[in-house]
Amino acid sequence: MPVESGISAAARQAKQKRKSHSLSIRRTNSTEQDRSGLQRDMLEGQDSKLPLPLRSNLLDLFSQIEREFENLYIENLELRREIETLNDRLAAEGQTFEGADLVKGALKTKASHSTSQLSQKLKTTYKASTSKIVSSFKATTSRAVCQLVREYVGHRDGIWDLGVTRTQPMVLGTASADHTAMLWSIETGKCLLKYTGHQGSVNSIKFHPTEQMALTASGDQTAHIWRYMVQLPTPQPVADISQQTPCEDDVDFSDKDEADGEVEGSNDCPSVRVAITTLRSHQGVVIAADWVVGGKQVVTASWDRAANLYDVETSELVHSLTGHDQELTHCCTHPTQRLVVTSSRDTTFRLWDFRDPSIHSVNVFQGHTDTVTSAVFTVGDNVVSGSDDRTVKVWDLKNMRSPIATIRTDSAVNRISVSVNQKIIALPHDNRQVRLFDMSGVRLARLPRSNRQGHRRMVCCSTWCEDNTSCNLFTCGFDRQAIGWENHNPPPPLQEK
């Protein structure tokens with residue numbers, strides 16, 4: 001018996017060797033039927049506790065993955081042969097280019113293109129990329145110095161919007177996805193008041209031009225007007241958080257460990273729960289709202305593709321501004337005239353004119369190729385628009401056919417703001433950067449992001465404070481904090497007439 005068992009064991013080993021050998025031979029050019037047969041042989045020759053149907057299903061899935069990798073491998077080989085062939089053609093014509101990325105990028109064109117066309121494309125790509133690199137090292141007309149002064153931490157979710165009161169006492173307001181709006185002491189960073197009347201994300205906050213009232217828009221399809229009364233605390237000496245550094249020279253460190261735990265500093269501040277006015281005419285998320293000059297009317301923008309004009313005293317809907325083809329993203333009013341600009345995901349922004357009570361005109365502007373995230377007025381006759389197409393454009397209200405300046409960036413632009421006194425545009429980006437440009441499109445600065453300074457996630461909004469406070473620029477983002485900055489910048493040069 002021992003001898004017979006040894007012979008049978010040797011026979012099984014030889015059989016498995018022949019089976020595995022035949023498997024390696026047949027796999028090179030097997031059909032689907034052959035593969036299924038091989039899988040059955042493998043299942044029979046292996047010991048496993050899994051049920052046979054489950055094992056068969058797993059093998060089918062792995063074989064599909066293997067086929068996908070085989071196809072990718074074959075495509076990779078073909079692409080390599082094409083690259084070698086085209087490189088040989090270029091070498092035969094005596095044209096060489098440095099940088100493998102340029103060659104690989106150009107080889108995305110069809111192989112049927114002639115060699116001369118490919119050569120011209122490579123030249124164009126090389127020149128464009130080189131000019132872009134050189135332009136990033138250009139010396140700006142003035143080197144702004146930016147300093148992080150204070151952080152405002154207390155929200156439990158990302159902050160969509162922020163604003164500064166226009167009357168005394170000067171406070172900072174923030175609107176957050178945590179369903180609250182907060183008022184902060186600019187000088188101390190302490191939370192003074194929390195508004196908890198909304199049932200959804202608070203998407204924007206604006207303050208009345210003369211009274212202590214705030215206007216907030218929310219994802220609960222409403223806009224609220226509520227009163228606030230705050231008492232500013234005594235300012236405390238502030239330690240120097242950061243050394244004054246030219247903004248262009250900061251080293252950008254990647255995300256570091258974030259304190260995602262429970263925040264402190266907002267639990268002990270008083271709260272307001274009831275609005276004095278609730279505006280309810282929208283059928284979708286109210287994404288933004290603003291006061292019309294004089295403070296007797298407000299305008300709201302919604303994802304229902306409409307902007308509504310309301311009377312503050314009666315809460316009645318005065319006008320429904322329709323015409324956008326997709327959801328609205330922002331609305332803004334002129335500081336001195338009855339003008340409203342609305343932006344939308346339909347790549348346009350519209351200018352609504354209410355200066356003549358009998359005639360309400362509208363102009364449509366198609367200067368962008370992607371969602372217009374915001375469009376804002378300046379004190380003069382300009383409109384500045386920002387878009388997900390990574391551009392910001394400055395327009396003249398007297399001639400809106402084409403922009404007078406175009407700023408091209410490397411990331412989508414969110415809610416922009418323009419300094420009244422310095423005439424500087426602050427651009428918050430998806431890539432956590434905040435850049436400053438003048439009205440002619442010249443880059444002035446980039447807010448520092450080093451040594452844990454600056455935002456660690458998407459920057460959603462920026463706003464300026466023209467009063468004489470320690471901070472004259474504020475930004476907020478989805479890292480749950482708002483930041484106050486001190487920006488020193490010489491006045492812009494006089495424009496030649």
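Thr 300 sits across from Asn 308 of strand β14, in what is a predicted model, where local features need pLDDT of at least 70, side-chain atom pairs count only at pLDDT 80 or more, and totals for chains, interfaces and linings use all residues. Numbering starts from 1 along each chain as its sequence is written, and side-chain values use heavy atoms, with hydrogens and water left out.

Strands here are DSSP runs (E, at least two residues), numbered from the N terminus. Strand β13 (residues 297–302) pairs antiparallel with β14 through 5 bridges; pairing takes at least two DSSP bridges between two strands. The hairpin of β13 and β14 has 4 residues between the strands, and Arg 305 there adopts a positive phi near 75 degrees. Strand β15 (residues 317–321) also runs antiparallel to β14, joined by 4 bridges, with Ser 320 as the bridge partner of Asn 308. Of the 5 residues in β14 (residues 307–311), 4 are buried, meaning under 20% relative accessible area with a 1.4 Å probe, protein chains only.

As for the aromatics, the whole structure holds 9 aromatic pairs (Phe, Tyr or six-membered Trp rings with centres within 6.5 Å). Tyr 152 and Trp 184 count as edge-to-face (planes over 60 degrees apart), because their planes meet at 70 degrees, with centres 6.1 Å apart. This pair ties strand β1 (residues 145–153) to strand β4 (residues 181–185), its partners lying 32 residues apart. Tyr 152 and Trp 184 are both buried. Phe 207 and Tyr 228 are edge-to-face too, at 5.8 Å and 80 degrees, and both are buried. Ring pairs also join Tyr 195, Phe 207, Trp 226 and Tyr 228 into a cluster.

Notes: Rings of Phe, Tyr and Trp (its six-membered ring) pair if their centres lie within 6.5 Å; planes under 30 degrees apart count as stacked, over 60 as edge-to-face and the rest as tilted. Buried means under 20% relative accessible area, exposed over 50%, partly exposed in between (1.4 Å probe, protein chains only).
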